[in-house]
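The sequence and the structure are shown first.

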Amino acid sequence: MAEFTFHHGGVSVPSLDEALDWYGNVLGFELEKRFYIEAARSHTAMVRKGPLRFEIFEVEGAAPLPEERRHPPSDLKTHGNKHVAFRVADLEAFLTEMEAKEVDIAFVVRENFGKGCFIRDCAGNLIEFVEESND
């Protein structure tokens, strides 16, 4: 079987500049490069935080994110890619930081198997953060 590793996740947004500010100020991602994808008519940026990379697209004429895709339980009812997830050491500390930054917290889960939350970026895209259980 072919070997492979994870390279990046990606989201489509209405404003690349606004998203770059949001991902930088809220999550600490730094701009790696900006480029234009002619075939997709997309102003695009790759951002990085340590080994994590994220691609952000502003596509000309793109449709807005449907309301049902903005809520984790209803989003699961539509087939397709759902979200990207990042690991955090302490979910409660992360939530406190996000609340201080006035981030839109969409959903919080505290179960025996682990804890996690979903936040929405400036375009409503869901991003999950997980604190794994030691069990």
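Is glutamate 102 buried or exposed? Glutamate 102 is exposed, because its relative accessible area is 73%, and exposed stands for values over 50%. The residue sits in the loop that runs between α3 and β6 (104–111).

The model discussed here is a predicted one. Mean pLDDT for the chain is 93, with 99% of the residues at 70 or more. Among the elements of the chain, α1 has the highest mean pLDDT (98) and β5 the lowest (92).

**Backbone**

A positive phi, of about 50°, also occurs at arginine 41, which is not a glycine. Arginine 41 lies in the loop between β2 (30–37) and β3. Its relative accessible area is 43%, so arginine 41 is classed as partly exposed.

Nonpolar side chains tend to be buried together in soluble globular proteins. In this model, the largest nonpolar core holds 27 residues, and those with the most contacts inside it are Tyr23, Leu27, Phe54, Ile56, Ile119, Ile127 and Phe129. Two or more residues of this core come from each of α1 (16–27), β3 (42–49), β4 (52–59), β5 (84–87), α3 (91–100), β7 (114–120) and β8 (126–132). The largest share, seven residues, belongs to α1.

Residues up to four places away in sequence aside, phenylalanine 54 touches His8, Gly9, Gly10, Val11, Tyr23, Phe29, Ala45, Met46, Val47, Val84 and Phe86.

Leucine 91 belongs to helix α3. Its relative accessibility is 0%, and therefore leucine 91 counts as buried. Beyond its neighbours within four places in sequence, leucine 91 is in contact with Val109, Lys115, Gly116, Cys117, Phe129 and Glu131. From leucine 91 to lysine 101 the separation is 10 residues in sequence and 15 Å in space, C-alpha to C-alpha.

**Pockets**

| Pocket | Volume |
|---|---|
| Largest pocket | about 530 Å³ |
| Second largest pocket | about 170 Å³ |

Which residues lie nearest the centre of the largest pocket? They are Gly10, Val11, Ser12, Leu65 and Asn125, out of a lining of 23 residues. By class, that lining comprises 12 nonpolar, six polar and five charged residues. At least two lining residues come from each of β1 (9–12) and β4, and β1 gives the most, with four residues.

The second largest pocket has a lining of 13 residues, with Leu27, Lys49, Val88, Phe94 and Phe129 nearest its centre. The elements that give two or more residues to this lining are α1, β5 and α3. The most, three residues, are given by α3. The lining of the second largest pocket includes nine nonpolar and four charged residues, and no polar ones.

Methods
Residues numbered from 1 in each chain as written. Predicted model: local features only at pLDDT ≥ 70, side-chain atom pairs only at ≥ 80, totals over all residues. Heavy atoms only, no water. Core = buried A, V, L, I, M, F, W, Y, C linked by side-chain atoms within 4.5 Å. Buried < 20%, exposed > 50% of the residue type's maximum accessible area, 1.4 Å probe, protein only. Contact = heavy atoms within 4.5 Å. 1 Å grid on protein atoms, 1.4 Å probe; cavity = no way out; pocket = protein on both sides within 12 Å on 5 of 7 lines; lining within 4 Å. Points joined across faces, edges and corners; volume = space filled by probe spheres on them. Nonpolar A, V, L, I, M, F, W, Y, C, P; charged D, E, K, R; others polar. pLDDT = per-residue confidence, 0-100.
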